[in-house]
Amino acid sequence: MTLVVQFVWDDGADTTLGLPSYETAEAAGADLRANFTDQDGIELQTGARALIPTGLRMAIPAGFEVQIRPRSGLALKHGIGMVNAPGTIDSDYRGPVGVILVNMGDQPFSVTHGMRIAQMVIAPVVQAQFAMVDVLDDTARGSGGFGSTGT
């Protein structure tokens with residue numbers, strides 16, 4: 001089964017950048033590129049965050065979501081990450097796709113037109129029913145959290 005995610009370009013987007021793409025045969029994430037209508041890009045100062053446009057809108061099949069995740073190379077080399085990692089795009093959203101980048105590094109960082117800025121992973125969605133009960137079942141872990149299982 002091949003899942004199809006449909007795309008349209010935002011007005012003024014650079015369509016020569018192409019659609020998101022998997023860079024290796026077994027990649028889980030397809031790379032998203034910065035798509036600035038003026039093609040100038042931005043300088044992301046240390047500690048700053050910005051919404052970076054991709055120039056795309058998408059239709060995700062019902063029962064799936066798109067997760068937007070940071071690129072590990074940008075994180076390691078420059079301290080560039082995402083404030084809301086992973087970001088979720090629901091199947092009923094049809095607006096512009098943007099990536100909220102943050103500069104946690106010690107130098108300003110240039111986000112340039114066409115730069116691979118994030119990756120998108122398609123994932124199935126399960127919606128649960130929620131129920132209030134009087135008591136929860138016991139487990140070996142119990143209420144231990146925040147490091148309670150050791151280092």
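Ile-68 sits across from Met-120, a residue of strand 10, in a predicted model where local features need pLDDT of at least 70, side-chain atom pairs count only at pLDDT 80 or more, and totals for chains, interfaces and linings use all residues. Residues are numbered from 1 along each chain as its sequence is written, and side-chain values use heavy atoms, with hydrogens and water left out. Strands here are DSSP runs of E with at least two residues, numbered from the N terminus, and two of them pair if DSSP finds at least two bridges between them.

Strand 5 (residues 64–70) is tied to strand 10 by seven bridges, and the two run antiparallel. Strand 10 (residues 116–124) also runs antiparallel to strand 2, this time with four bridges. On that side, Leu-32 is the residue facing Ala-118 of strand 10. As background, strands of a sheet pair through backbone hydrogen bonds, either parallel or antiparallel.

Then there is an open sheet of four strands, ordered 1-4-8-6 and paired antiparallel. Strands 1 and 6 are its edges, each pairing on one side only. From one strand to the next, the twist averages 45 degrees, with axes taken as lines fitted to C-alpha atoms and angles running from 0 to 180 degrees between N-to-C directions. Strand 4 (residues 49–59) and strand 8 (residues 96–103) run antiparallel and are joined by six bridges. Arg-57 is found opposite Pro-96 of strand 8.

Now for the loops. Asp-14 belongs to the one between strand 1 (6–9) and strand 2 (30–33). Asp-14 is buried but has no salt bridge, and Arg-33, the nearest side chain of opposite charge, is 9.6 Å away. Buried means under 20% relative accessible area, exposed over 50%, and partly exposed in between, using a 1.4 Å probe and protein chains only. A salt bridge puts a side-chain nitrogen of Lys or Arg within 4 Å of a carboxyl oxygen of Asp or Glu; for charge, Lys and Arg count as positive and Asp and Glu as negative, while His and the chain ends are not counted.

What Asp-14 does have is a polar contact of 2.8 Å between its side chain and that of His-113, plus one of 3.4 Å with the side chain of Gln-39. Such a contact is a pair of N or O atoms within 3.5 Å; within protein, one must be able to donate a hydrogen and the other to accept it, and residues adjacent in sequence count only if both atoms are side-chain atoms.

Ala-85, in the loop between strand 6 (80–82) and strand 7 (87–89), is partly exposed at 42% relative accessible area.
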